[in-house]
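Have the structure open and try each task before reading on.

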Amino acid sequence: MDATIFLFLLQDGIINGAVYALVAIATVLVFAVTRVILVPQGEFVAFTALTIAALENGKVPSTPWLLLALGCLAATSELVRHFRELTVRRVARIVLFDLALPIALLLLTRTLAPLKLGQAVDILLAIALITPMGPMIYRIAFEPIAHSSVLVLLMAAFGVHFSLTGLGLLFFGPEGTGTAPLSSASFSLGDLVVTGQSVAVVVVTALLLALFAVFFGRTLLGKALRACSSNRIGARLVGIPTSAAGQIAFALAALLGAVSGVLVGPLMTVFYDSGFLIGLKAFVAAILGGLVSYPMTVLAALGVGFAEALFSFWASNFKEVLVFTLIIPVLAWRSVYAPHAEETE
């Protein structure tokens with residue numbers, strides 16, 4: 001390996017690591033607030049890329065129908081579970097968020113898709129379609145069992161993943177597709193060719209991470225989420241609604257997944273189930289970061305991206321296996337030296 005090859009591998013590692021960082025941050029956030037290991041986080045990534053691809057071709061994607069189906073399930077779940085304590089305000093919120101919003105987005109998509117208004121409109125519309133899926137999924141699958149053990153929540157997360165994968169095949173089909181790059185520019189740094197898409201991935205990731213740092217450090221809502229992640233019982237005692245915190249965490253996770261889908265679409269051919277591998281590699285980064293530290297998670301994600309690039313060069317047939325083996329020494333070390341504690345809830 002010479003210096004030029006190393007620089008190309010480093011560039012690939014940084015680009016992949018930036019995408020993994022966003023997905024891993026979402027995984028850590030959801031786990032910290034709700035104790036859910038969000039296995040289907042990758043589905044938000046894949047569905048966003050597939051949605052943008054359909055919009056770029058002037059076709060109406062199936063995403064609004066998927067959103068409407070999830071909205072109906074979420075509305076039914078909440079109406080059944082809270083039937084005896086329904087209020088006008090709660091019913092109005094259910095109707096507006098679970099039914100009116102998906103229908104409005106469906107009509108908007110059917111109107112805008114054939115017009116081909118440009119990449120910016122396609123991206124914003126795709127993000128608007130994917131982000132509400134987060135809180136809907138939380139209310140359908142996780143809120144009814146919010147006080148269960150982490151193992152039960154993990155089993156439910158796998159159930160959601162398999163369900164979304166099946167729905168992805170139903171709504172999007174088995175064909176893979178890609179999206180147009182955010183920038184077609186390119187320039188040279190010596191022997192290294194840097195594309196505009198690569199720069200866009202790094203810049204967008206850095207900007208989002210900075211915004212989230214400000215959000216959690218300076219805003220009241222961000223501090224409430226941090227309180228729920230530190231002590232759920234204490235947060236409830238001081239009046240922080242943990243159910244709302246869970247929905248917000250899932251909404252932010254879906255938003256980060258949607259942005260990751262925007263970034264990854266031009267880099268690879270995306271299939272309905274492509275998000276699973278992306279989510280698994282991000283989960284490796286989250287574990288390497290301890291599932292608690294956001295800065296360590298970002299550094300671990302960059303390390304996973306660079307390791308994947310090296311493995312692709314040295315042993316491309318086994319790169320996925322080698323990436324996942326990175327988690328083994330960390331788990332072995334934590335099982336020996338990390339303190340063991342029983343769950344408080």
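**Exercise 1.** Which element gives the most to the lining of the second largest pocket, and with how many residues?

*Before you start.* This is a predicted model, in which local features need pLDDT of at least 70, side-chain atom pairs count only at pLDDT 80 or more, and totals for chains, interfaces and linings use all residues. Residues are numbered from 1 along each chain as its sequence is written, and side-chain values use heavy atoms, with hydrogens and water left out.

*Solution.* 
- Step 1: On a 1 Å grid over the protein atoms alone, a pocket is an open set of points with protein on both sides within 12 Å along at least five of seven lines, and lining residues have an atom within 4 Å of a point. Helices (H or I, at least four residues) and strands (E, at least two) are DSSP runs, numbered from the N terminus.
- Step 2: list the contributors. H1, strand E2 (192-195), helix H12 (275-288), helix H13 (294-314) and helix H14 (319-325) each supply at least two lining residues.
- Step 3: pick the top one. H1 gives the most, with 6 residues.
- Step 4: sort the lining by class. It divides into 10 nonpolar, 6 polar and 6 charged residues. Here Ala, Val, Leu, Ile, Met, Phe, Trp, Tyr, Cys and Pro count as nonpolar, Asp, Glu, Lys and Arg as charged, and the others, Gly among them, as polar.

**Exercise 2.** Which residues line the largest cavity?

*Solution.* 
- Step 1: a cavity is a set of grid points where a 1.4 Å probe fits but cannot get out.
- Step 2: the structure holds 1 cavity of 30 Å³ or more, and the largest has a volume of about 30 Å³.
- Step 3: its lining consists of Leu22, Ile25, Leu208, Leu209, Phe212 and Leu256. By class that is 6 nonpolar, no polar and no charged residues.

**Exercise 3.** At what angle do H3 and H4 pack?

*Solution.* 
- Step 1: axes are lines fitted to C-alpha atoms, for helices over the stretch in contact, and angles run from 0 to 180 degrees between N-to-C directions.
- Step 2: helix H3 (residues 63-81) and helix H4 (residues 88-112) pack at about 170°, with their axes 9 Å apart.
- Step 3: H3 and H4 are therefore roughly antiparallel; angles over 145 degrees count as such, those under 35 as roughly parallel, 65 to 115 as roughly perpendicular and the rest as oblique.
- Step 4: the contact (heavy atoms within 4.5 Å) includes Trp65 and Leu68 of H3 and Ile94 and Leu99 of H4. Its residues divide into 14 nonpolar, 2 polar and 5 charged.

**Exercise 4.** How far apart are the axes of H8 and H9?

*Solution.* 
- Step 1: the axes of H8 and helix H9 (residues 220-230) are 5 Å apart, at an angle of about 80°.
- Step 2: that makes H8 roughly perpendicular to H9.
- Step 3: among the residues that meet are Phe215 and Phe216 in H8 and Leu220 and Leu221 in H9. The contact divides into 5 nonpolar, 2 polar and 3 charged residues.

How values were computed
Grid points are joined across faces, edges and corners, and a volume is the space filled by probe spheres set on the points.
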